[in-house]
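Please find below a short note on the model under review.

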Amino acid sequence: MIKLYVFPLSGHAHRPRLLLSLLKIPHQNIVVNLAAGEHKSADFLLLNFLGQVPVLTDGVIVIRDSNAILVYLANKFAPEWNPSDPAEAAEVQAWLTTASKEVAEGPARARLVTVFKANYDHGQLIDQSHALLRLIDRHLENREWLAIDRPTIADVSAYSYIATAPEGGVELGAYPSVRAWLQRVEALPGFVGMPPANLSKAA
């Protein structure tokens with residue numbers, strides 16, 4: 001049985017949880033209590049020496065990093081979600097990198113401030129996020145999916161923190177193409193969303 005170690009409000013953890021659901025892969029979600037420090041326990045550090053979620057185990061195979069998990073799941077269970085054509089594969093990889101860098105350093109980090117009280121310049125992060133979203137909105141004006149002409153792990157990877165950008169104070173009203181893309185992802189059979197953050201109680 002595949003096991004996925006998650007924290008419910010983590011967009012990184014949501015990425016593989018979403019793909020597992022879209023692909024209807026039987027698995028067990030194991031919630032890691034970050035507040036209690038379970039991610040720094042000796043047992044968890046054996047799974048991921050960085051002490052971070054998510055981690056996926058598949059028998060003796062242990063995979064850390066959300067995008068690495070997406071690649072593994074797609075390659076093993078649904079290769080159409082991670083194409084082998086060199087040009088298409090490169091485009092998917094480029095968007096995985098964008099999700100790990102620009103999206104993580106913009107909308108995701110802005111959400112860290114409001115949900116988890118991280119110590120970043122929130123105003124600067126909001127400005128960065130809007131600059132990025134303007135580019136993504138333009139990219140999506142005449143296309144349905146981020147990388148190629150069908151949904152791929154690129155869309156799964158980018159979805160979580162763009163969809164929850166408003167929780168970080170980054171509103172999406174000015175980006176109709178982005179909002180239409182989010183709706184297309186949410187219409188995929190098996191879609192599962194992230195639970196909303198209770199900002200009034202966020203620690």
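1. What is the volume of the largest pocket? The largest pocket has a volume of about 760 Å³. Of its 30 lining residues, S10, L34, V53, L112 and Y161 are the closest to its centre. A pocket here is an open set of points on a 1 Å grid over the protein atoms alone where a 1.4 Å probe fits, with protein on both sides within 12 Å along at least five of seven lines, and lining residues have an atom within 4 Å of a point.

2. The model is predicted: local features need pLDDT of at least 70, side-chain atom pairs count only at pLDDT 80 or more, and totals for chains, interfaces and linings use all residues. Residues are numbered from 1 along each chain as its sequence is written, and side-chain values use heavy atoms, with hydrogens and water left out.

3. Helix α4 (residues 86-116) contributes the most to the lining of the largest pocket, with eight residues. L112 belongs to helix α4. L112 counts as partly exposed because its relative accessibility is 32%, the partly exposed class lying between buried (under 20%) and exposed (over 50%), with a 1.4 Å probe and protein chains only.

4. V53 is joined to P54 by a cis peptide bond, with omega about 5°. P54 is located in the loop between α2 (42-47) and β3 (55-58).

5. K24 has a positive phi, near 55°, although it is not glycine. K24 sits in the loop between α1 (11-22) and β2 (27-31), and is exposed, with a relative accessible area of 60%.

Terms used:
Grid points are joined across faces, edges and corners, and a volume is the space filled by probe spheres set on the points. Helices (H or I, at least four residues) and strands (E, at least two) are DSSP runs, numbered from the N terminus.
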